[in-house]
Amino acid sequence: MENHIDENNLDERSSLPYPVIEAAVNGSYEAVEIVLRSFESYIRFLSARKLYDKSGRVYVGIDIEIYNRLRSKLMQAILTSFKL
């Protein structure tokens, strides 16, 4: 039986506990989501792009294609490349 992961004790800036990483590597959907959430701000930072409107004003927006690629690569790495 898989242990329940207490998400209340996790925030984006804290280190991920080993049991969460281990569960993610073993394919736990809940644990993978926790890992993805812990990298959310970094992924958003990496996928931020300057956008310009018709009058030349600059806005910062998320390039959704890059955002999705980064999330996919992280999921792939978790499930195939992590060695414990």
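Q: In this predicted model, how much accessible surface does the protein chain have, and what share of that surface belongs to carbon and sulfur atoms?
A: The accessible surface of the protein chain was computed from a model that is predicted. The total comes to about 6,500 Å². Of this surface, the share that belongs to carbon and sulfur atoms is 55%.

Q: In what order do the helices and strands of the protein chain run from the N terminus on?
A: The secondary structure of the protein chain consists of 4 helices and 2 strands. Read from the N terminus on, these elements follow one another as α-α-α-β-β-α.

Q: Is helix α1 parallel or oblique to helix α2?
A: Helix α1 covers residues 18-25 and helix α2 covers residues 29-38, and the two pack with their axes 7 Å apart at an angle of about 120°. An angle of 65 to 115 degrees would count as roughly perpendicular and one over 145 as roughly antiparallel, so the angle of about 120° makes α1, relative to α2, oblique.

Q: Which residues of α1 and α2 make the contact between these two helices?
A: The two helices pack at an angle of about 120°, and α1 passes α2 in a left-handed crossing. On the side of α1 the contact is made by Val 20, Ala 23 and Ala 24, while on the side of α2 it is made by Ala 31, Val 32, Ile 34 and Val 35.

Q: Which elements are included in what covers the buried residues of α2?
A: The residues that are buried in α2 are Ala 31, Val 32, Ile 34, Val 35, Leu 36 and Ser 38. What covers these buried residues includes three helices, namely α1, α3 and α4.

Q: Which elements are included in what covers the buried residues of α1?
A: In α1 the buried residues are Val 20, Ala 23, Ala 24 and Val 25. Their cover includes the helices α2 and α4.

Q: Leaving aside its neighbours within four places in sequence, with which residues is Val 25 in contact?
A: Val 25 lies in helix α1, and because its relative accessible area is 17%, Val 25 is buried. Leaving aside neighbours within four places in sequence, the residues in contact with Val 25 are Ile 78, Phe 82 and Leu 84.

Q: Does Glu 40 count as buried or exposed?
A: Glu 40 has its place in helix α3, which covers residues 40-46. The side chain of Glu 40 makes a polar contact with the side chain of Tyr 67, at 2.7 Å. The relative accessibility of Glu 40 is 13%, and the cut-off for a buried residue is under 20%, so Glu 40 counts as buried.

Conventions:
Residues numbered from 1 in each chain as written. Predicted model: local features only at pLDDT ≥ 70, side-chain atom pairs only at ≥ 80, totals over all residues. Heavy atoms only, no water. Areas by Shrake-Rupley, 256 points an atom, 1.4 Å probe, with all protein chains shown as cover. Buried < 20%, exposed > 50% of the residue type's maximum accessible area, 1.4 Å probe, protein only. Polar contact = N/O pair within 3.5 Å; in protein donor to acceptor, adjacent residues only side chain to side chain. Axes fitted to C-alpha atoms, helices over the stretch in contact; angles between N-to-C directions. Parallel < 35°, antiparallel > 145°, perpendicular 65-115°, else oblique. Left-handed = near helix turned anticlockwise from the far one by under 90°. Contact = heavy atoms within 4.5 Å.
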